[in-house]
Amino acid sequence: MSLTLHLDLQPWREHLDATRDAIPGLVPVAKGNGYGYGLQRLGAEAERMGVPVLAVGTSQEVAAVREGGWEGDVVVLTPWSRHDEVATGLLADDRVITTVARVDDLAEVGRLRPGARVIVELLTSMKRHGVSVDDVTRVRGLLEQVCFEGWTIHLPMKAADPLGEAHALAAAAIVEVEAPVWLSHLSPADFATLTSRLPVVTHLRMGTKLWLGAPKTRRVTARVLDLHPVKRGEKVGYWQHRMRSEGWVVVVSGGTANGVALTAPTSGATLKQRLVTAASGAMDATGFALSPYTIAGKKRMFVEPPHMQSSLVFLPGAGSVAIGDEVPVELRLTTATVDRIIEH
Ligand SMILES: *Cc1c(COP(=O)(O)O)cnc(C)c1O
């Protein structure tokens with residue numbers, strides 16, 4: 001057994017339900033690794049929450065949330081493409097809402113599957129996907145072929161004026177075709193303000209802040225698999241690094257297979273956040289890197305880069321850990337894979 005995510009189920013559910021109650025129009029997003037919990041669990045949890053719509057990242061993920069027990073409508077966030085056969089198949093599924101982000105694609109979807117449920121994405125300052133506002137009139141001309149479920153706006157995490165940008169885009173689109181507006185990465189406060197200013201139904205999609213929003217409801221542990229005393233100067237590990245001092249090599253579960261020590265690019269805007277990120281991935285002066293494992297009260301250095309399923313860390317001085325112990329490990333749950341989840 002490798003990495004374990006301990007989940008305090010009741011407080012987590014209270015947080016999910018409180019978020020749902022505070023944000024009318026909330027659309028949970030379940031995608032990728034399921035924010036560490038897995039897509040099936042998130043599908044089940046969204047069903048339990050009683051929300052009418054769930055969003056997934058890709059067409060393949062529709063089946064995963066349904067396996068978990070999700071029965072409502074599913075929005076696929078990756079815009080439809082003629083190269084995606086699964087997405088094309090889903091046009092015929094009356095519980096799937098397809099995102100379309102190009103005028104030509106809208107025409108093609110209407111031709112392939114008249115009556116398909118679609119939302120049309122508007123290009124934001126993110127410049128990822130979307131139809132420019134100048135093309136909204138062309139969109140209007142194609143909507144008769146499909147079942148139009150609204151406009152969708154995906155803002156950058158760090159927009160200069162998110163509310164202003166969302167309002168300008170939504171207003172320009174609604175003037176052409178009055179329809180619901182779906183938003184991503186607007187704060188709940190800005191979302192409430194925008195909702196009060198628009199004459200249409202609004203939806204706010206949320207992943208990270210929903211599923212990972214109550215950090216006290218979870219912790220991840222690794223198991224101590226083995227322990228070896230080492231002397232100063234002794235060579236250790238795959239790469240035979242020399243130990244700087246006497247102590248213990250602690251073999252802990254979790255490695256590259258679990259996403260241990262993979263640091264996604266930082267979104268940290270402040271110097272402090274950047275320093276924290278640097279500290280957790282950086283080498284110290286002697287070439288050792290700080291690991292995410294806490295042993296005997298402190299984060300310990302890696303002896304060498306993590307392996308597939310386990311890692312070697314160094315515990316200086318006398319050992320205060322035993323084989324079989326569970327030790328805390330800090331993981332970014334959007335990039336990590338745990339081996340099991342235990343509900344408490
Ligand atoms: C992933 C995604 C979200 C959810 O993002 P979080 O930062 O996890 O809340 C919302 N909208 C779109 C379009 C996405 O791709």
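This is a predicted model: local features need pLDDT of at least 70, side-chain atom pairs count only at pLDDT 80 or more; totals for chains, interfaces and linings use all residues.
Residues are numbered from 1 along each chain as its sequence is written, and side-chain values use heavy atoms, with hydrogens and water left out.

Colleague: Why is Trp12 called buried?

Modeller: Buried means under 20% relative accessible area, exposed over 50% and partly exposed in between, with a 1.4 Å probe and protein chains only. Trp12 has a relative accessible area of 0%, so Trp12 is buried, and Trp211, also at 0%, is therefore buried.

Colleague: What makes Trp12 and Trp211 a tilted aromatic pair?

Modeller: Rings of Phe, Tyr and Trp (its six-membered ring) pair if their centres lie within 6.5 Å; planes under 30 degrees apart count as stacked, over 60 as edge-to-face and the rest as tilted. Here the centres are 6.2 Å apart with 45° between the planes, which makes the pair tilted. The pair links distant parts of the chain, with Trp12 in helix 1 and Trp211 in helix 9, 199 residues apart; helices (H or I, at least four residues) and strands (E, at least two) are DSSP runs, numbered from the N terminus.

Colleague: Why are the buried residues of helix 2 said to lie on the same side?

Modeller: In helix 2, residues 39–49, the buried residues are Leu39, Leu42, Gly43, Glu45, Ala46 and Met49. They cover an arc of only 165° around the axis, taken from the directions from the helix axis to the C-beta atoms, so they lie on the same side of helix 2.
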